[in-house]
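Here is a report on a two-chain model. Keep the structure open while reading.

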Amino acid sequence: MSGLTARIERLFGVLIRLSTGERMLLSSAAVLVAVGVGMIVILGAGYAATCRSPALSVFGLEFCYNPIETYFVLLQGAFGDSFKLAVTLQWTTLLLFTGLSFAIPYKAGLFNIGAQGQFVLGSLATTIALLWAAEITPSGMLGRLVLVPVGLLAGGAIGGLYGLLPGYLKHRFEVNEVISTLLLNFIATAIAVVTVDRYFADPELQGTVSRSIPTEAVLSSQLFPSSANFSLLVFAFALLVLGGFYWLLTNSAIGYEIRTMGTQPKAARFGGVSERFTTLFSMTTAGVVAGVGGAVFIMMVLGRWQTGAPPVGFDGIAVSILAGNNPLALLPSGLLFGALQSGGQAIQFQLGIPSEIVGVLRGLIILLVATPELFRLFGTQLERRGLITVDGGRE
Amino acid sequence: MSVAVQLQGITKRFPGGVVANDDIDLEIEQGSVHVLLGENGAGKTTLMNVLYGLYEPTAGTVHINDEPVSFETPQDAITHGVGMIHQHFTLVDPMTMLENIALGWEPVRYGGLAVDTDAIETEIRDLSDRYGFDIAEHMHTPVEQLSVGAQQRVEVVKTLYRGADIFIFDEPTSVLTPQEADQLFDVFSELTAQGKTIIFISHKLDEVLAAADRITVLRDGRKIDTLDAEGATQDQLASKMVGRDVLLSADKQSVDRGEPLLSVADCSVDDDHGMRKVDGIDLTVHEGEIFGIAGVDGNGQTELVEAITGLRSQTAGTVSIRGTDVSERSRRERIEMGLSYIPGERQEQALVLDFSLTQNAVLGSQHHDQFRHGRGIDWAAVREHTDRIIETYDVRPPDPTANARSLSGGNQQKFVVGREFLRDPDLVIAAHPTRGVDVGSMEFIHEQLLALCEQGVAVLLVSASLDEVTSLSDRIGVMHDGSFVDVVKPESVTKDQLGLLMAGESLDREATARSQ
């Protein structure tokens with residue numbers, strides 16, 4: 001019993017004290033292990049499935065799916081040609097915004113589970129703003145110069161307000177932000193569906209689909225095929241935002257205050273940090289970032305608002321946790337999720353592997369890569385509360 | 001008397017070459033109180049962690065009751081009757097006293113389906129009767145609702161419950177009021193009377209002399225001497241600890257006091273539960289003056305200090321700095337007006353434990369121009385400032401990248417004091433500034449406090465140590481139940497008189513009582 005506890009403490013200790021380089025190595029190793037386990041899953045599923053021509057037969061056993069081919073197709077589907085790479089990066093871009101939307105409040109000790117709602121309302125605001133603004137702006141280059149900022153600002157502003165709301169409730173009435181942000185997601189979707197249905201529906205289409213935004217507001221592709229709906233400029237903008245927030249958190253006084261509040265609220269108050277400011281600021285900023293993500297989704301990907309937004313807000317939480325909530329680490333983390341998204345689709349369509357199995361393969365990679373990070377978070381919390389001592393230390 | 005613990009040639013070398021214990025021999029008699037005395041970092045705790053099975057010694061042997069032992073975990077130590085009570089308690093706050101005591105050692109019934117709480121309760125009553133602890137009434141109280149002293153007794157009962165014969169106390173009084181410390185020493189007597197052995201880690205000379213039978217002095221990881229407490233003096237012990245002669249009481253020069261700097265008028269403050277803790281306090285501290293507040297902990301000192309520093313709002317009255325009413329000003333604005341604050345709760349308030357010393361050095365000054373570079377914080381300047389704090393206040397290890405958590409309590413305190421004093425303050429509010437620091441550092445902190453005073457800084461000093469208050473202060477306000485019983489000059493009262501004032505009695509009544 002005691003040996004086990006000691007071993008667990010030691011494990012937490014090792015994980016908590018890992019350097020960045022060691023963590024990256026560990027993550028890479030985890031991907032390899034996940035691929036190994038995934039291959040066994042594919043073999044098993046392929047053995048159980050029935051198909052006309054087996055993809056692999058060994059010692060008289062017939063398998064419907066070839067594990068090596070599967071992962072090859074996954075890689076190809078994610079990075080194989082410029083179109084596929086564009087789809088990967090398109091997902092990555094959206095996840096960078098929503099991931100950041102989780103990471104910033106996390107640094108202030110707040111859990112923003114509401115990126116999805118902020119994303120949805122942001123995308124709705126962008127759509128509405130563009131549909132309205134299109135009527136009074138000229139077409140052509142001038143229109144583009146007006147409409148692109150209008151779209152982004154509208155998404156950011158509404159997303160920001162939708163983040164400010166749970167921040168204010170938390171500060172003023174001590175409403176737990178996990179619950180409020182989670183519930184606000186449903187409200188956001190409901191508001192969006194009703195609004196689009198009633199006022200902005202495209203009369204020629206069935207279902208809850210808005211009219212198309214003006215072409216001047218579309219963030220069109222550069223270097224990549226236009227059908228991929230991926231703009232390198234937007235990607236660069238997202239990277240700039242990441243870098244900006246990294247700088248803000250590590251080097252600015254506000255960032256210092258946010259981190260202090262998130263790490264030890266009592267010490268923050270001692271140091272003259274305003275709890276009100278850090279709470280409202282970080283939640284609003286989170287909403288702005290997610291809302292801009294929603295704007296990008298409309299202006300770069302869809303071109304109109306429609307129901308069934310992808311769960312990028314929720315995936316953003318996983319992306320951020322995997323990145324240890326470090327803005328810079330969001331890039332590799334977001335790339336992994338983006339690649340799994342596009343590569344997963346390729347496996348499904350090219351090899352006919354059921355989407356459930358594809359989900360398992362994606363889940364394995366995320367699970368194995370994220371587990372050490374999750375334990376690190378968990379271990380840090382335990383250590384902070386004094387429930388474990390992970391470092392012998394000196395007197 | 002037989003020997004309960006024998007350590008022979010214990011050496012503990014940490015990876016990186018730090019030798020915390022260097023060939024230490026130690027014999028501890030059964031039924032005695034043996035003190036390990038030494039400055040922060042002398043190797044006391046490391047030595048006890050070796051005995052308790054937390055560390056494996058690099059060399060040397062441990063004998064318990066003449067039997068050679070080698071503990072791999074604290075569990076092994078406990079089965080051999082060795083229990084340790086840490087400086088920071090290992091209690092689960094929301095759980096009741098009974099649950100805490102039995103945790104991990106629960107007797108079960110119904111074939112292991114349920115915990116036999118009746119058996120635990122009987123056992124605890126039995127133990128507390130035998131040793132005269134008055135804690136049985138709190139059996140079902142969550143420990144977070146108990147006072148610190150009571151929590152410590154819960155730790156003692158927990159250790160007894162696990163069958164310990166040898167008790168290691170790591171700086172047990174650092175969290176206690178003087179009264180609670182006295183109660184703890186009574187507990188020591190009860191325990192030794194029943195044949196238990198006590199090892200007691202400390203760096204406080206007065207309590208060592210009060211509680212110990214024998215004293216072993218450690219310095220820089222080596223054993224300097226073992227001597228009987230009887231006949232030992234504070235000066236003698238201090239010079240063995242530090243390795244040179246130490247000035248135990250501060251040498252105060254009188255400073256001409258200047259303009260009033262801090263004025264508190266008719267100030268009342270409530271605590272978190274809405275209880276009135278400070279009731280109509282008036283006080284003024286002038287430039288170059290040290291105003292001491294003496295009183296038993298919990299008589300409103302914390303709330304008063306928090307109202308002055310801007311961490312708590314007062315329900316009535318005003319706080320003014322240099323004549324400006326700052327009652328409605330934020331904590332940040334007050335810091336910017338030149339207020340430095342050394343809080344009593346250094347680990348919770350004054351330091352972000354998971355931040356490096358460098359990051360901690362800027363806490364409170366994060367908006368100050370001195371540390372601004374463009375739109376961000378000038379980390380290079382902060383780093384230089386950190387080095388200055390570390391060097392001036394002898395913070396060990398002298399590593400600005402070390403996490404605050406990894407420092408010992410005394411070094412954390414030195415760092416906090418250094419940061420607050422080097423901020424170039426006009427007004428210093430110091431609550432227990434030398435709590436937990438060793439004799440050498442205490443001397444230095446006192447010198448610095450007096451030096452600030454000579455530069456015209458106003459100081460409000462709250463301390464549980466009467467020696468500290470009387471030797472440093474120009475005037476002493478004695479606080480009882482939220483108000484000043486009296487404001488006296490330190491040279492005009494004796495310690496006994498101060499003690500009476502702290503209990504809420506007035507001096508003339510005592511004088512008349514004596515004359516009768």
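Two residues are in contact if their C-beta atoms, placed from the backbone, lie within 7 Å. On that basis, 38 residues of chain B are in contact with 25 residues of chain A. The side of chain B that touches chain A draws two or more residues from each of α1 (44-51), α10 (331-336), α11 (346-350) and β20 (376-377) of chain B. Its residues divide into 16 nonpolar, 16 polar and 6 charged. Here Ala, Val, Leu, Ile, Met, Phe, Trp, Tyr, Cys and Pro count as nonpolar, Asp, Glu, Lys and Arg as charged, and the others, Gly among them, as polar.

**Model and confidence**

This is a predicted model, in which local features need pLDDT of at least 70, side-chain atom pairs count only at pLDDT 80 or more, and totals for chains, interfaces and linings use all residues. Residues are numbered from 1 along each chain as its sequence is written, and chains are lettered from A and ligands numbered from 1 in the order in which they are written. The predictor gives the complex an ipTM of 0.80 and a pTM of 0.76. pLDDT is the predictor's confidence in each residue, from 0 to 100. Chain B averages 87, with 96% of its residues at 70 or above. Over residues 510-516 of chain B, pLDDT stays under 50. The model has 2 contacts beyond four places in sequence for that stretch.

**Chain A**

Chain A has 14 helices and 2 strands. Helices (H or I, at least four residues) and strands (E, at least two) are DSSP runs, numbered from the N terminus. The C-alpha trace of chain A spans about 70 × 70 × 35 Å along its principal axes.

Helices α6 (141-173) and α11 (275-302) of chain A have axes that come within 6 Å and cross at roughly 145°. Axes are lines fitted to C-alpha atoms, for helices over the stretch in contact, and angles run from 0 to 180 degrees between N-to-C directions. The contact of α6(A) with α11(A) has 16 nonpolar, 13 polar and 2 charged residues.

**Two sheets in chain B**

Chain B holds an open sheet of 6 strands with mixed pairing, and another open sheet of 6 strands, also mixed. Two strands pair if DSSP finds at least two bridges between them.

| Strand order (chain B) | Edge strands |
|---|---|
| β6-β9-β10-β3-β11-β12 | β6 (82-85), β12 (222-228) |
| β18-β21-β22-β15-β23-β24 | β18 (339-342), β24 (483-488) |

In the sheet from β6(B) to β12(B), each edge strand has a single partner, so one side of each is left without a neighbour. Neighbouring strands are turned by 20° against each other on average, direction ignored. β6(B) pairs with β9(B) (166-170) in the parallel sense over 4 bridges. There, B:Met84 has B:Ile168 as its bridge partner. Helix α8 (234-242) of chain B lies across β3 (33-37), β11 (214-219) and β12 of chain B, at about 30° to β11(B).

β23(B) (475-480) and β24(B) run antiparallel, joined by 5 bridges. B:Val478 stands opposite B:Asp486 in β24(B). Helix α14 (409-421) of chain B packs on this sheet, touching β18 and β21 (427-431) of chain B. The direction of α14(B) makes about 170° with that of β18(B).
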